[in-house]
Amino acid sequence: MPDFITLPALVRGTAQARPDRIAVIDGERQLRYAEFDALIDRIAATLQRDGLKPTDTISICALSSIEYAATFLGALRAGIAVAPLAPSSTAKDFSAMVRDSGAKILFTDDFAANAMKDAEIDAAVKRVAFDDGTSGEAFTRWLAPEGSKPAPVTIDPEWVFNIIYSSGTTGTPKGIVHTHYLRWRQYGQFEALGYGPNVITILSTPLYSNTTLV
């Protein structure tokens with residue numbers, strides 16, 4: 001295994017080595033690695049501006065999108081854990097998961113906001129809407145100015161990468177914690193499995209799924 005490196009650092013390395021290579025495609029939209037990395041920096045800087053610190057948590061409940069992926073990575077770059085939640089959750093479970101995660105900001109979209117309209121979310125939890133709809137402050141207005149960069153954060157391998165909640169089939173969903181170290185152990189094996197620099201991957205499962213994150 002190579003020395004420990006974070007996922008956002010791997011993205012940064014690719015952006016520096018291959019800035020014009022396509023990083024992510026969503027429908028008719030696409031971002032090159034340099035653009036994607038700059039958006040990740042901008043999101044990390046905005047989270048820091050809002051007072052979030054390393055080991056804090058954000059939650060995301062939305063359909064997969066470029067903004068979703070960039071926000072996930074932006075949080076990680078700032079040392080912030082992510083609790084991705086399923087829009088199919090009941091209002092009761094959704095309320096419990098947001099509360100249990102300790103999320104300081106909830107990112108959502110109109111699809112998810114409609115699904116969780118009856119959920120009871122603490123008023124102290126800031127809401128940001130990816131699709132600029134009615135579910136919170138518009139993502140484009142929330143973002144710090146273009147070119148913003150976060151204060152550097154040295155990630156401790158044992159810091160929380162994500163909190164994945166179980167389906168709740170036996171009761172209230174339980175939070176399963178994965179660290180940066182655990183995720184590094186996973187993506188550190190990808191090259192041996194054939195995931196080289198020219199591979200294109202189709203993402204067909206949601207970003208709140210542990211299968212997707214692996």
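Helix H3 (residues 66-77) is mostly covered, with twelve of its twelve residues buried, where buried means under 20% relative accessible area, exposed over 50% and partly exposed in between (1.4 Å probe, protein chains only). Helices here are DSSP runs of H or I with at least four residues, strands are E runs of at least two, and both are numbered from the N terminus. The model is a predicted one, so local features need pLDDT of at least 70 and side-chain atom pairs count only at pLDDT 80 or more, while totals for chains, interfaces and linings use all residues. Residues are numbered from 1 along each chain as its sequence is written, and side-chain values use heavy atoms, with hydrogens and water left out.

From first C-alpha to last, H3 reaches 16 Å, close to the 16 Å expected at 1.5 Å a residue; the expected span is 1.5 Å times one less than the number of residues. Just after H3, glycine 79 takes a positive phi of about 80 degrees.

Strand E3 (residues 57-61) is mostly covered too, with five of its five residues buried. In a regular strand the side chains alternate between the two faces of the sheet. For E3, Thr57, Ser59 and Cys61 sit on one side and Ile58 and Ile60 on the other, and both faces are covered. E3 pairs in the parallel sense with strand E4 (residues 81-84) over four bridges, pairing being called when DSSP finds at least two bridges between two strands. Isoleucine 58 stands opposite valine 82 in E4. The chain gets from E3 to E4 through H3, and this β-α-β crossover is right-handed: with the strands pointing away from the viewer, the path from the first strand over the helix to the second runs clockwise.

E3 also pairs with E5, again parallel and over four bridges, and there cysteine 61 stands opposite threonine 108. E5 (residues 105-108) in turn pairs in the parallel sense with E6 (residues 126-129) over four bridges, with phenylalanine 107 opposite valine 128. E5, helix H5 (residues 110-115) and E6 make a right-handed β-α-β unit. Two bridges then join E6 to the parallel strand E7 (residues 137-138), where alanine 138 is the bridge partner of alanine 129.

Tyrosine 195 counts as partly exposed because its relative accessibility is 45%.
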